[in-house]
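I opened this structure to take notes on a few of its features. The entries below follow the order in which I looked things up.

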Amino acid sequence: MKDRVFNFAAGPSMLADEVLDELYEEFYNYQNTGMAVMEMSHRGKDYLKIFEEAKQRLYRVMEIPEEYEVFFMHGGATGQFAAVALNLLKGDKADYILTGNFSKKAAMEAMKYGQVHIAYDGKDNGYRHIPKQEELSLDEDSKYVHLCSNNTIYGTEWKTYPDVKGKILVGDLSSDILSRKIDVSRFGLIYAGAQKNIGIAGISVVIIRKDLIETPMAITPDILSYELMAKHDSMLNTPPTYPIYVLGKVLKWIEESGGLEAIESRNREKAKILYDYLDMQSFYKPHAEKDSRSLMNVTFTTPNEDLDKRFVNEAAERGLVSLKGHRLVGGLRASIYNAMPKEAVKKLVEFMDGFAKENAL
Ligand SMILES: *Cc1c(COP(=O)(O)O)cnc(C)c1O
């Protein structure tokens, strides 16, 4: 088998070796059941145990209060752009804070099912910036305020969440969920696709305060109804059984690594290595403003596009892959989610420094 590389992709992205080892170990014959997890009935007792354990681990690791319900749903984070509006907006008005591509997509989707008030738009500054409280213009009549916690494409992240004046805060945490400790009770609803930081594609996690679960718009597909998800404990139809199992393994790994506190401090160390380097040199130009920087996605450019390309290729030859930036921003992006080891970040910085010296203009 070819050696494994350090995969800096923004998503799907790396899983920890410990997680892959367990998946491999249990692949053909899960704990002497005589079958693979993906062959199991979702209503059978073996699978229900996996399902329940994954859910309980999520409550434990994130310290989710009892008055919140957890759903595992299909349709990715993009499915939730619609689900949030169908279940909560229902023709009324909501505030959307635009800090990047995904928050814009969420707003566009919500416009199909109600009125959207743009409380902030970072387009003019190239989405380099996370707004301060006084930069937000919240609408008095809005039902909730939607934000994207970490902007995967532009490499910015909310350090502290804004005061939404008693309104419901809704957060897309797809690319930073489980990367740090957060106070779930600040939110009415959190959603996240799993394939960035907490598992594999095919499942999105929804954490919703129970009193917000009500009858959605009449046109809502059953598969996007929070009311039905609650009624059927995420098993309205066949849930994404294998991705839920993998999520459980990732959560187990987080618990065994010391929980979110340990994960967060490791993530801070990793990001600091990269940003400290970026700040002490002049070859690379970081994209995000300093106090808006993401701990998960570090975006930067070389002096020109040819060098960006060469950077990507030469890094790949050293086992540092998928460093190309998103097509909307160009340049380079190092995604350093939970599973990315600190050694890999150090190796990347070493490579960056050598490349800068060789190609200084
Ligand atoms: C990747 C991503 C999405 C889209 O996720 P899908 O699961 O592909 O629909 C939405 N929001 C954020 C912040 C993301 O990083």
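I started with arginine 57 and looked up its relative accessible area, which is 12%. I put arginine 57 down as buried, because the cut-off for buried is under 20%. I note here that the model is a predicted one.

Which residue in helix 6 does arginine 57 pair with? I found a salt bridge from arginine 57 to glutamate 255, with the closest N and O atoms 2.5 Å apart. Arginine 57 sits in helix 2, while glutamate 255 sits in helix 6 (residues 241-256), so this pair ties together parts that are 198 residues apart in sequence. Glutamate 255 has 27% relative accessibility and therefore counts as partly exposed.

I then looked at glutamate 53, whose side chain also meets that of arginine 57 in a salt bridge, at 3.4 Å from N to O. Both glutamate 53 and arginine 57 belong to helix 2, and they are four residues apart, about one turn of the helix. For glutamate 53 I wrote down partly exposed, because its relative accessibility is 39%.

Next entry: other salt bridges. I read a count of 28 for the structure. I picked out aspartate 279 and lysine 290, which form a salt bridge with their closest N and O atoms 4.0 Å apart. Aspartate 279 is in helix 7 (residues 259-279) and lysine 290 is in the loop between strand 11 (285-286) and strand 12 (297-301), so the pair ties together parts that are 11 residues apart in sequence. Are the two partners buried or exposed? Aspartate 279 counts as partly exposed because its relative accessibility is 38%. Lysine 290 has a relative accessible area of 58%, so I listed lysine 290 as exposed. I also noted one network, in which salt bridges that share partners join Glu22, Glu26, Lys249, Lys252 and Glu256.

Next entry: the ligand. How many residues surround the ligand? I noted 13, and the closest are Thr78, Thr152, Asp172, Gln195 and Lys196. By class, the shell around the ligand holds four nonpolar, seven polar and two charged residues. Which element gives the most to this shell? Helix 3 (residues 76-89) does, with four residues.

I went on to single contacts of the ligand. The side chain of threonine 78 has an N or O atom 2.5 Å from an oxygen atom of the ligand. The side chain of aspartate 172 has an N or O atom 2.6 Å from a nitrogen atom of the ligand. For lysine 196, I noted a polar side-chain atom 2.6 Å from an oxygen atom of the ligand. Taken alone the ligand exposes 390 Å², and the protein buries 86% of that.

Last entry: the surface. I found a nonpolar patch formed by Phe27, Tyr28 and Met38, which together have about 370 Å² of accessible area. Where does phenylalanine 27 lie? I placed phenylalanine 27 in the loop between helix 1 (17-25) and helix 2 (45-62). Phenylalanine 27 counts as partly exposed, because its relative accessibility is 37%.

Notes
Residues numbered from 1 in each chain as written. Predicted model: local features only at pLDDT ≥ 70, side-chain atom pairs only at ≥ 80, totals over all residues. Heavy atoms only, no water. Patch = residues over 30% accessible without salt bridge, like charges linked within 9 Å, V, L, I, M, F, W, Y side chains within 5 Å. Areas by Shrake-Rupley, 256 points an atom, 1.4 Å probe, with all protein chains shown as cover. Helix = DSSP H or I, 4+ residues; strand = E, 2+ residues; numbered from the N terminus. Buried < 20%, exposed > 50% of the residue type's maximum accessible area, 1.4 Å probe, protein only. Near = heavy atom within 4 Å. Polar contact = N/O pair within 3.5 Å; in protein donor to acceptor, adjacent residues only side chain to side chain. Nonpolar A, V, L, I, M, F, W, Y, C, P; charged D, E, K, R; others polar.
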